[in-house]
Amino acid sequence: MSGQMDDQLKSSVRYLGSKLGETIKAQLGDEWLERIEQVRKAGKRSNQGEQDATELMASMFAQLSDSDLLVMARAFTQFLNLANIAEQEFNAHQQTDDSVEKLFEHLDEMDLAEDDFAEALKKLEIDLVLTAHPTEVYRRTFIHKYSELNDCVKHLRNDSLNSVQRNSLELRIADLITQSWHSEEVRAVRPTPVDEATWGFSVIESSLWEAVPDFIRELSTKVENKFGVGLPLDAKPVHFSSWMGGDRDGNPFVTAKVTQRVLLLARKRAARLFADDIEKLVVELSMSDCDDKVREAVGADSREPYRDLLRPLWETLVGTRDGITDYLDGLPVDQSQWIQDDQELLVPLMACYDSLNQCGMQNVANSLLLDVIRRAHCFGVNLLQLDVRQDSERHAEVFGELTRYLGLGDYMQWSETDKQAFLQRELSSKRPLFPSNWQPSADVQEVIDTCKVIAQNNPSAFGIYIISMASLPSDVMAVQLLLQEMNVSWPMPVAPLFETLDDLNNAPEVMQNLLAIDWYRGYIKGKQYVMIGYSDSAKDAGALAAGWAQYQSQEALVAIAEQHKVKLTLFHGRGGTIGRGGLPAHAAILSQPPGSLDGGFRVTEQGETIRYKFGMPALAKRSLNLYASAILEALIAPPPAPQQNWREAIESMAGDARDNYRNTVRHDPEFVPYFRVATPEQELGKLPLGSRPAKRKPSGGIESLRAIPWIFAWAQTRMVLPSWLGVMPAVQKALDNGLEPVLQDMLENWPFFRSRLSMLDMVFYKADARVGQAYDEKLVPAELRHFGQQLRDELTQSIALLLKLLGQNEVMESDAKGKESMNIRNGYLQPLHYLQMELLERIRAADEDDIPSDLQKAMMVTITGIAVGMRNTG
């Protein structure tokens, strides 16, 4: 059956590729199509190690003009886009999701009591935080076209289509592919934060709006079939937050005004979506029988009580939608007429639900109406909750300026003890601290204005306030004082973000000191959020050391929360790659420390991973089921705490891996010069990916480079270095020290360690030392090439050692589906790599101020295409 499915997928890829070929031929003629086909075949052979094919490709590209290189780059990027579409549709519709059933089978083996499952179900809380961050390389217009193509490919599989229907679908597919070919793939300008937020709203509208109630309905049905009782009506196992328009850390384009606009646009989108739903209900709920409560609300003379009850709600939603449009256009509006909170939605909906059930119309109550009630609980009138994130230094600058103005000294120069004493005193004071006539600097005013926006909006519109580079208790208390001074009348959760290796190691002490403060414990009301940063810690210390530091930090934080009787929610700031903490959802969740999920599961979903996991309703439902089943399993049967000899082994390996990594990245004077020339890092800065600058500080070096371009650059050359550098030599040292029995025990019995190695298995399949070597030979000066050879030697040795440990003959041996997925894309990726090498050579030889536009465009297209083919950018 698996082989048959693979054939179906390959057939879809070939079909879409042929349609693109027809489009290219129609514009450029037979000669161009033959040239592209020749490159495609050479790319496939090159990927299989045939050197003559590699040389043929490189020779052909060297002879092409700049404009012809652009055509070639566009062709293979679009081939990869179409291959991804075919695979996405295949994954969504050819595979049944049985993750919850597998969980139940596992629970049967454990002889689990129903009460234990019910308790775990109560704790099931999935908070998915959508971020731009900005790994989504597509323009939104392409995302729309590809979504349409997905639908067409799905319908084309229907065997009952007649010839007219099939011809119509094939014409539409050709139409969409032609539109794509004749459109610019890459944005001409960076998206604004509002653009990014609008993209996030579109994902909700086009996919999650349908997927979430379907997911909850199916989960409830499965639970009811198993245990006799389904989920309660107000169950909210999943909800959504966002950083788009709220994350201002290092992004000067996210201002208080932008945040306010995004909040209003989210409310407008929610009002429109709920208005559409209510309109459908008004059409359907034509029945006359109702209970006394509904009758009393609509009057004795009403012949269509449900319609009469819901019409005013529809009018309020339409008024909100149109009113926000007018307000944003600068027109006067009465905001009191807008819908304000979720209860305005839920009260009439629940009245209809209860009445229909009481009057024997359970089938009606539990259909569309129930879906709308589920949406009201999960999305609400704000659509999602907006997080606010800012760097701790920006908050300290506010109080530095203020204390200097007031003649109290300079807060920035005070000791931590003095800062805490000042903050505690002011937090307990009844008088305002900020003088009304004070004129702060523009940067400080922006921080103040952000807090004012929080005060002026409904608390339910916000998630949490995250402090980047938090390292001391005063970092948290400073934000709480700022919010209090700006009249935020509710205890907005404030979460320190521990990012670097030192921050992670110090996190338990910081939180212990905070929770020892009586005022602080009163403020948080028994609920604490802490964000764990994966990207910066991995860039700082390498993948293994960062992973172990994250584990230890979480383990200690869970213990501290239990000691203080506080509900702890750990917020995982993961990216899509292992270098940024990315693991498959199931493996990531089951490798968490015991107890770390008791307070819920909050995780970032970033850029292109949002589209791959949630871009279509069927995909989104599968992803939510995977999350739910893994979290329930971890709650019911937590992974074991590591044994002492495991701890000693991983501690030793993490330390050695950190030193190995830093010796290369930080301490070797040849690393930075090599990195700059061997990867397209400098060219990446020119790609209009997202609203955030590539560096936190424009003048900084590697240390200030954001984790995203750091990962992105190494993925382009197929070295994917941040994911593996230094890890396996540390493992080899442990083996040399006689720890093989211990490592085998860890591999078999500790999910944390097993998930690290299984993720490397996938990373090593994506890596290609031959491609990395080709970049070096084309771009790196002779005196630096030995450095690249050292890296490739470590990569080769690391793969051999991993295979030995896992007992495999080749990488990804146990994941045939994942392997086939990468194989399909590899043939199209190979030409893009060699195109990029040719482009980089030409760009670097040109005058920096006068690089031909075709070269710049082609470069951006290859960067995009390789990111698409690798299936994760940062």
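The side chains of Arg-662 and Asp-540 meet in a salt bridge, with an N to O distance of 3.3 Å. This pair links distant parts of the chain: Arg-662 belongs to helix H26 (residues 644-665) and Asp-540 to helix H21 (residues 535-541), and 122 residues separate them. Both Arg-662 and Asp-540 are buried. The model described here is a predicted one.

A search of the whole structure finds 46 salt bridges. One of them joins Asp-127 to Arg-602, whose closest N and O atoms are 2.7 Å apart. Here, too, distant parts of the chain are linked, since Asp-127 is in strand S1 (residues 126-131) and Arg-602 in strand S8 (residues 601-606), 475 residues apart. Asp-127 has a relative accessibility of 6% and therefore counts as buried. Arg-602 is likewise buried, because its relative accessible area is 2%, and the cut-off for a buried residue is under 20%.

A further salt bridge connects Arg-770 with Asp-768, and in this pair the closest N and O atoms lie 3.4 Å apart. The accessibility of each partner may be considered in turn. Arg-770 has a relative accessible area of 39% and so is partly exposed, since that class lies between the 20% limit for buried and the 50% limit for exposed residues. Asp-768, by contrast, has a relative accessibility of 6%, which means that Asp-768 counts as buried.

Salt bridges also occur as a network. Asp-66, Lys-778, Glu-838, Glu-841 and Arg-842 are linked in this way.

Glu-114, Asp-115, Asp-116 and Glu-119 make up a negative surface patch. Among these residues, Asp-116 is found in helix H6, which spans residues 114-123. With a relative accessibility of 44%, Asp-116 counts as partly exposed.

Pro-617 lies in helix H25, which covers residues 617-636. Which residues are in contact with Pro-617, leaving aside its neighbours within four places in sequence? They are Ser-206, Ser-207, Glu-210 and Ala-211. For Glu-210, the separation from Pro-617 is 407 residues in sequence, while the C-alpha to C-alpha distance in space is 6.2 Å.

Conventions. Residues numbered from 1 in each chain as written. Predicted model: local features only at pLDDT ≥ 70, side-chain atom pairs only at ≥ 80, totals over all residues. Heavy atoms only, no water. Helix = DSSP H or I, 4+ residues; strand = E, 2+ residues; numbered from the N terminus. Contact = heavy atoms within 4.5 Å. Patch = residues over 30% accessible without salt bridge, like charges linked within 9 Å, V, L, I, M, F, W, Y side chains within 5 Å. Areas by Shrake-Rupley, 256 points an atom, 1.4 Å probe, with all protein chains shown as cover. Salt bridge = Lys/Arg side-chain N within 4 Å of Asp/Glu carboxyl O. Lys, Arg positive; Asp, Glu negative; His and termini not counted. Charge placed at Lys NZ, Arg CZ, Asp CG, Glu CD. Buried < 20%, exposed > 50% of the residue type's maximum accessible area, 1.4 Å probe, protein only.
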